[in-house]
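I opened the model to look up a strand pairing and a helix contact. My notes follow.

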Amino acid sequence: MIWWQRLWRRKQMEEQLDKELSFHLDQHVADLIASGHHPEEARRQARLALGGPQQVKEQCRDARGTRWLEDLLQDFRYSLRTLRQRPGFAAVTLCTLALGIGATTVMFTVIHGVLLKPLSYPEPERLVALHGVTEKYGDQWGFSYPNFLDCKRESQSLAPMAAWRYGGGTVSEPGQAEYVDGREISSELFAVFGVALSRGRAFLPEEDRPGAAPVAIISYGLWQRRYGASPSAIGTPIVFDGKLYTVVGIAPAGFQLDGSADVFTPLGQVTEARMQNRAANFLRVVARLGPGVTLDQAQAELALISRHLAEQYPDVDAGRGFEAQQLRQELVGDVRPTLWLLLGAVSLVLLIACVNVASLLLARAVSRERELAMRVALGAGRGRLIRQCLTESAVLGLCGGALGVLLAAIGIRPFVLLWPGSLPRAEEVRLDWNVLLFAVGASLASGLLFGLAPALRAPARELEQTLRAGARTVTGSSRRLHSGFVMSEIALAVVLLVAAGILDRTVLRLSSLDPGINIHNVLATRVALAPGALQKDPARIRAAWQDVLERSRRVPGVQSVALADIIPMREGYNGLGYWTSAAPPLPNQMPIALASTVTPDYLKVMGIPLRHGRFFDGHDRMDTERVVVIDEVLAQHAFGALDPVGKRLWIQAIGPTKVVGVVGHVRHWGLAGDDQSQVRDQIYYPFAQVSDALMRLFSTFMSMAVRTSIPPLNVVEPMRRELRGGTGDQILYEVRTMEQLASSSLARQRFLLTLFGIFAGLALLLACIGIYGVLAYVTSQRVPEIGLRMALGASARDVMRLVLGQSLRMIFVGVGVGLGTAFAAARLLEKLVAGVRSTELSTFASMISVLVAAALVASFLPARRASRVDPITALRQD
Amino acid sequence: MTAKSDLPQGTLDLLVLKVVGLGPVHGYAIAQRLQQVSRDVVQVPQGSLYPALHRLENRGLLAADWNETETGREAKFYRLTRKGRAQLETEAASWQRLTEAVGLILGMAEGGAE
């Protein structure tokens with residue numbers, strides 16, 4: 001029989017054992033009678049020879065080798081029974097644990113899905129993302145097209161390699177005009193990811209060249225939406241941004257690069273001038289490590305290639321390197337610290353929950369001491385008792401864990417939706433076996449954690465005393481353990497409270513910062529010109545924009561309108577090098593400014609203060625002098641105390657310009673991020689002076705800012721109608737109010753604050769329950785002592801003071817221990833969350849006073865009860 | 001019946017294997033056989049016989065079937081498995097070596113006094 005069979009056939013085995021032994025006895029008795037003994041005597045002798053039947057059976061059971069499992073099952077049933085007997089205790093502990101384990105499981109599920117799970121491509125560990133790195137501005141760079149082509153040609157270890165850039169446009173046929181995200185990709189992109197198209201084919205290398213036949217790959221979603229998933233979509237024409245393409249393939253379902261896209265077109269067919277410009281780093285590059293190649297080897301090869309390029313093109317590529325990084329890390333980006341931070345916080349809550357349950361269990365263990373002593377006296381081993389206690393806490397832990405997983409299953413979707421912005425790889429976040437395994441592990445670990453102290457109290461010595469002593473005596477060691485629990489709960493709560501307090505301060509401080517613009521009543525939206533207008537010559541495009549401005553002004557509620565290529569606090573920026581003399585240094589040594597091209601009303605719409613000089617007006621045109629307006633930060637950097645107005649500025653890709661005005665700084669990188677960002681200088685230049693060559697390119701990503709006299713979202717629909725245009729395919733998309741953008745720039749801080757607030761509140765509540773429970777328990781055990789004190793003349797006030805004093809000591813030790821940890825936590829927050837300052841001592845002080853006050857309230861009830869003890873009954877009690 | 005010595009540690013298993021090796025046999029008969037063969041010199045506590053049998057069965061050295069005895073009652077008959085036979089041979093051999101060695105040492109002690 002295999003061991004597990006033995007477990008199930010326990011009853012049968014018991015019967016057989018019984019039968020075997022009685023056969024032995026009967027046989028022996030029969031033999032003895034046959035040899036002349038009296039039947040009674042024979043039976044006596046046979047029994048003596050065999051020994052006590054129960055002992056023999058017990059030894060036989062031991063010999064089976066499955067004894068521990070049988071005991072485990074027995075303990076398991078026993079602990080379920082004890083739980084059922086005390087439903088109140090069971091409910092409190094299970095809820096506490098379910099909350100702790102549930103929250104931890106949610107965080108782990110997210111971390112597992114986002115950070116730990118391999119990407120769902122073949123051999124995902126070989127996928128890498130490539131960046132340009134410069135000494136001055138770090139690794140935020142993309143690739144220029146010539147550099148990409150050179151790297152791709154030279155590299156042996158990274159093959160295939162592919163590049164893409166963000167795009168987007170209006171799909172006007174077949175069906176209704178619709179703005180969709182797009183990507184211009186090089187031909188090997190799908191090969192890099194190792195995925196097959198769901199239909200059709202990828203781009204051929206010869207299609208990835210200027211002048212090749214225009215072909216497109218559409219997303220699975222677009223195919224379902226616009227083509228009803230018809231297989232005949234392949235080979236049909238699609239009009240994208242006014243240009244006719246032939247659909248050659250359908251991308252795999254759910255395929256994403258940096259976000260999803262609906263139309264893919266060949267990068268090599270793009271004819272813009274900057275495709276030839278080695279200094280224009282606008283491409284993102286991915287590659288696959290060749291068989292047997294390590295990341296380090298690829299890195300070394302890239303270093304070699306970049307050295308060659310630097311020698312060949314010293315003016316742009318000197319000081320520029322390339323770096324390969326695991327694609328998974330690249331995709332996940334900056335959510336990593338947030339996630340670990342939250343897991344840390346949630347683990348603290350779980351720890352507090354464990355401590356709480358431990359102190360409840362301990363109180364119970366103390367009152368069960370006599371039961372346990374009795375069992376030892378009846379022959380149970382100490383190890384056996386410890387095992388039983390641990391089984392009980394494991395059962396508690398597992399039941400709590402099961403409830404926790406249930407909570408997590410319900411809570412995971414809302415949590416992901418709550419995430420500020422979009423959580424990368426959100427579709428990977430779900431409960432699976434790994435998560436369940438984690439939950440079981442966390443439950444068992446918690447069970448062990450809170451079960452250990454009570455279990456180790458299993459009586460070993462001084463049985464007699466325990467049995468004789470009244471059940472109400474609390475020994476010194478258990479009181480110490482109890483206050484130890486309270487102290488650690490307080491210490492943990494301090495950490496969470498201080499963290500929440502710091503985040504609260506941060507959010508308050510950041511939201512009171514001046515964004516540099518008047519964010520009220522401003523709408524910002526991207527505008528996709530009618531694709532027909534985009535194909536025309538630059539003068540027609542300018543006219544189309546003028547038409548957009550004029551039509552918008554006619555919409556009721558609109559005060560002023562301006563065009564801009566970038567909008568503050570929204571994604572996207574254009575960094576250009578600038579210099580103050582006619583002899584600019586190499587491009588890679590120039591300081592970089594945020595450059596934004598705008599129409600004259602921009603200042604009025606955004607409410608940016610003019611410091612010196614003037615802003616643009618209708619006289620700044622192609623045929624007049626090139627002018628720029630700079631912000632006060634650039635003025636300070638470039639000109640110091642000098643008045644910049646009238647000075648000259650050389651700007652990369654624009655050339656020599658004259659500074660005509662200085663305006664206030666705008667927190668482009670968001671309220672939280674702007675102070676720390678590397679590029680803070682700002683330049684504005686007139687949209688009217690954008691060169692003819694660039695007009696079409698700029699027109700594909702222009703936005704419109706609108707100041708309104710009524711709530712800005714109310715003008716959206718009338719404006720959509722007004723701007724739709726003669727062909728009905730001129731579209732507004734990504735419509736936001738500036739208030740939304742400003743608040744979403746603090747979304748991460750607010751999100752963390754909300755969660756930390758919840759955790760800290762939970763911690764405070766649990767700690768208070770813990771203090772209340774422990775004090776109530778300890779004082780109730782001290783009733784005879786208190787009665788004696790009162791009989792000897794102590795007043796109710798003295799007794800209150802006694803109990804509150806005891807609680808205050810625990811609180812202060814806890815706070816002391818917690819403070820050190822809280823300082824460390826504050827440092828961590830400062831490092832991980834933009835805008836946090838860890839040194840605000842007043843935050844510490846206010847949070848600790850909240851905690852102490854709450855803890856005192858929790859201890860007040862037991863203290864008052866103790867002070868109302870009637871000495872006579874108290875002394876008679878025992 | 002005088003001066004019965006206790007069974008040396010670990011030898012009960014060996015004896016049980018040996019007895020069972022002679023043919024399928026039930027627990028009571030093993031006890032009887034052991035007592036007869038050892039001519040009442042070795043005390044086999046019947047109480048430890050059954051745990052030993054169950055242990056050996058658990059280790060796969062013995063197998064058991066329920067059969068009728070000649071008196072018509074059902075009894076649990078033990079028999080040696082292949083693994084048990086191998087175990088019996090190695091243990092018997094090592095026991096043989098041990099007793100020879102002990103005998104040698106004891107004999108030498110008498111001669112070595114010269």
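The model is predicted, so I keep the limits at hand: local features need pLDDT of at least 70, side-chain atom pairs count only at pLDDT 80 or more, and totals for chains, interfaces and linings use all residues. Residues are numbered from 1 along each chain as its sequence is written, and chains are lettered from A and ligands numbered from 1 in the order in which they are written.

Sheet, chain B. I read an open sheet of three strands in the order 2-5-4, with antiparallel pairing (a pair needs at least two DSSP bridges; strands are DSSP E runs of at least two residues, helices H or I runs of at least four, numbered from the N terminus). Strand 2 (25-26) and strand 4 (62-68) are the edges, each pairing on one side only. Seven bridges join strand 4 to strand 5 (residues 74-80).

Helix pair. I checked helix 4 (residues 53-63) of chain A against helix 3 (residues 46-58) of chain B: the angle is about 15° and the axes are 8 Å apart (axes are lines fitted to C-alpha atoms over the stretch in contact, and angles run from 0 to 180 degrees between N-to-C directions). The two helices are therefore roughly parallel (angles under 35 degrees count as such).

Contact residues. On the chain A side I list A:Gln55, A:Val56, A:Gln59, A:Cys60 and A:Ala63; they meet residues of helix 3 of chain B, including B:Tyr50 and B:His54 (contact: C-beta atoms, placed from the backbone, within 7 Å).

How values were computed: Angles under 35 degrees count as roughly parallel, over 145 as roughly antiparallel, 65 to 115 as roughly perpendicular and the rest as oblique. Two residues are in contact if their C-beta atoms, placed from the backbone, lie within 7 Å.
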